[in-house]
Each structure stands twice: as structure tokens, then as C-alpha cells.
Amino acid sequence: MVIIKSISAKEIFDSRKEKTIIVSIKTNVGTFSASSPNGKSKGKHEAKSYKKSLEQDIKTIKKFSDYFSKEIIESFDDLRRIEDIINGFIGANTLFALESAILKAVAKKQKKKIWELINPSAKRFPRLVGNCIGGGKHSKTTAEKKPDFQEFLLIPNSKSVKESFEINKKTKNNVQNILKKNDKNFKNKKNDEDAWITSLNEKEIFEILKTLKIPTGTDIASSTFYKRKKYNYENPMIKRSIEEQLGYISNLIKNFDLFYIEDPFDEEDFESFSRLLKKFPKKLIVGDDLTVTNYKRLKKAIEMKSINGIIVKPNQIGSLLEVKEVCDLAKKENIKIIFSHRSGETEENILADLAFGFQADFFKSGITGKEREIKMKRLIEIEKSLDK
């Protein structure tokens, strides 16, 4: 059993050099820490990262330090005891970091890996989803233009995580050379997620991806440019109605054989998602801002037949018990699960154990950059350990 003796928290910087939280716990088996990432493009229904502020959550953790001394944690489900004490007093980032640190302690005590606490019989590995070219909110650029869509994704269909990782890195290097030729403004710069920054628009990028012989996709992050019932594109400048957006996305899927389409419509528009899925039942129509790792919103998306894939970002909801509920419902309804990093990442690698433990179908963690590679390398480590 794990007995928590004290807990503390402090600020650290994420990959964007913005402040986030790291929580440390002292236990009878040692000291364990875990940090939380930050999102930039956030769905408005996400749980708040902090109750009032990061500084306030750090103070709250300190106040609650003694409250846990009688709590005995022996399993994943025992996180309920922690939540019964502290839930409502801290935000999602803080809760996620605290619960992650606790799982590390339990795993150490039981001489298990974290994923085994969730599902000891897990066997299937997720497919990698890598952000190769970026736009939208994740890309700052001095050029006048950038893609309106947020991510252009590579999704190799290899059975091995290690092989997929190598394919994505190699392909991303090739793409750099293609961008040099096709984009006179290309400066070899990378964005928040270590994806290439370009001044090309989405059609020009899909033309490039089409030549790569790898399944591809996109995170449109439509809510970021949807205002007054119009999708306000800037590259080139054009306003599209909801109906026109449906037509435009449908044409892109057909013309470029896109496999994966995330957030093609505004985060409140369950109906348009549903219409797109009806047209393309064999493609992956994925909710992120639409569903924000929230059980009720996933339930609504299922009832309205809006999606067949859901992004799971643990710090969107904070509670790993609620992450489990979301994953259980998704599996029951045959909705593909995509565990995902955030644009402001840390060197925390627990996401890989969670994705494998919950038997996610896909793992979205960029392609390069130390904060992202550390997660994929952990997944490769798990793969290696099971190959023995």
C-alpha cells in the first residue's frame, strides 16, 4: 500500500516557456513528481486549468498537504479517495499532475508499470499521429500568411511504434526539402509543436502530403476562426457559411484522400459533424473542442452520431477516473480513442502509459522535439518490454 505523507507543488516552464505546474508527493515508498502540459487552442467547455490561478492552486495544495496522511492507495480506482478530498478546490492541470504522481508511487510499490495498474492485459499498441506542418494558433510567423488549419498530420500504418516513429521523422525531413522548393517564404522554422511553419494554404499543403504515400489527416480547429456564423479564412481571405464549410471539407477529403479530420466545424455544431460523418463513414471524424474529454459531451456526440473518433487529453478534465469513464464509453460505442499531447508540453511521459493502459487506437504526440519524443520513446520502451 502507498501512504501519502505530504504533497507540494511549484511552477515550471512548458515547451512554450509558459508557466505550468509540477506536483510532488512524499510517500512511504519515496518521492514522486508529475507535471501537467498547457493547451493553447482550448475548447470553451474544457475544465479550468486552475481553480483561480496557478499560484492559488500551489497554495491550496500546500494547505491540503496533511489531509492525505491517512489515505491508503492500493489501486487505480483508489484515486476516488483523493478526489473526494480535493476535487473542486483545484483545477484540472493540478489534479492531473497530482493523480499522475500518485500512480507513479503505486506502480513503484507494486513493482508494476503504470499501464499495468489500468489494464494488466493490455496488448495492442496505438498508431502514431504526427504533426508535420502547422498553422492556426500554434504558429507564430513573420510572413503575412500561414495555413488556417492548425495541424497537418502523418499517420503511418505500421504495426510497430518504433517503425512509425522513424517513418514520421524521415518524412518530416523530406517535407522540409519540399517546402524549401514550394514556399519562397519558408525559413526552416518550427511552431509550438515542433511542426514546420509555412505560408502555404491548406490546399497547397495537401498537394504535398498527397505525394508522400502515407495516410494523412488534419486538425482544422475550426472554432478558432468561426465568428458570426461564418468560417473566416485568411489564406486566402474568404468567408464560408456552415453549408459552404461542409462542401469545402467534403471536397478536401475526396480530392486528397484524407483519412483523419479533427474539429472540422465549430465546437457547438454537433449537427454538421454528423452530416460529415454520414457522408464519409469510413473516414475518421474526430472531436476535440467538440468533446473536450467530457463524458456528457461524448454522450451527446454519440446520440447525434457526430463522430467516430475522440481526442483524449487528460488535463482537459483533470480526473483520471473521468478519463477512464470517457474511454469506457468510447469503446462501448466503437468510437476510436486518440490520446493527445498539448501544444505547451513538459518532459512528463505518463501519457504513453495512459494511452497503452486504456488501449487507445491512436497516439498523437508530434514527431520531434524533446518534450514530444520522450512520450513516444516511452511507448517504444513498453513495446520493447512486451516483445521479449
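This is a predicted model: local features need pLDDT of at least 70, side-chain atom pairs count only at pLDDT 80 or more; totals for chains, interfaces and linings use all residues.
An open sheet of 4 strands is present, with the order S3-S2-S1-S4 and antiparallel pairing. Its edges are formed by strand S3 (30-35) and strand S4 (72-73), each of which has a single partner strand, so one side of each is left without a neighbour in the sheet. Strand S1 (residues 2-13) and strand S2 (residues 19-27) run antiparallel and are joined by 9 bridges. Phenylalanine 13 has lysine 19 in S2 as its bridge partner. Two helices were found to lie across strands of this sheet. Helix H1 (residues 54-64) lies across S1 and S2 and runs at about 160 degrees to S1. H3, in turn, lies across S1, S2, S3 and S4, with a direction at about 35 degrees to S2.

The largest nonpolar core comprises 109 residues. Within this core, the members that touch the most others are Ile86, Ile102, Phe149, Ile249, Phe339, Leu354 and Phe363. Helix H3 (residues 92-109) supplies the largest share of the core, 10 residues. Apart from this core lies another, of 9 residues, which include Leu153, Val286, Ile311 and Phe362. When residues up to four places away in sequence are not counted, isoleucine 102 touches Ile4, Ile25, Ile73, Leu79 and Ile82.

Isoleucine 350 was examined individually. This residue is located in helix H12 (residues 350-357). Its relative accessible area is 1%, under the 20% limit, and isoleucine 350 is therefore classed as buried. With neighbours within four places in sequence left aside, isoleucine 350 is in contact with Phe96, Ser100 and Ile114.

Side chains of opposite charge can pair when their charged atoms come close. In the present model, 23 salt bridges were identified. One of them is formed by lysine 364 and glutamate 151, whose closest N and O atoms are 2.8 Å apart. This pair links distant parts of the chain, with lysine 364 in strand S16 (residues 362-364) and glutamate 151 in strand S6 (residues 151-154), 213 residues apart. Both lysine 364 and glutamate 151 are buried.

Arginine 378 takes part in a salt bridge with aspartate 353, in which the closest N and O atoms are 2.7 Å apart. Because arginine 378 lies in helix H13 (residues 370-387) and aspartate 353 in helix H12, this pair ties together parts that are 25 residues apart in sequence. Both partners, arginine 378 and aspartate 353, are buried. A salt bridge also connects arginine 378 with glutamate 381, the closest N and O atoms being 2.6 Å apart. These two residues are 3 residues apart in helix H13, and so arginine 378 and glutamate 381 are separated by about one helical turn. Arginine 378 has a relative accessibility of 10% and therefore counts as buried, whereas glutamate 381, at 47%, counts as partly exposed. Elsewhere, Arg16, Glu18 and Asp192 are linked in a network of salt bridges.

Key:
Residues are numbered from 1 along each chain as its sequence is written. Side-chain values use heavy atoms; hydrogens and water are left out. A nonpolar core is a set of buried Ala, Val, Leu, Ile, Met, Phe, Trp, Tyr and Cys residues joined through side-chain atoms within 4.5 Å. Buried means under 20% relative accessible area, exposed over 50%, partly exposed in between (1.4 Å probe, protein chains only). Contact means heavy atoms within 4.5 Å. A salt bridge is a side-chain nitrogen of Lys or Arg within 4 Å of a carboxyl oxygen of Asp or Glu. Two strands pair if DSSP finds at least two bridges between them. Axes are lines fitted to C-alpha atoms, for helices over the stretch in contact, and angles run from 0 to 180 degrees between N-to-C directions.
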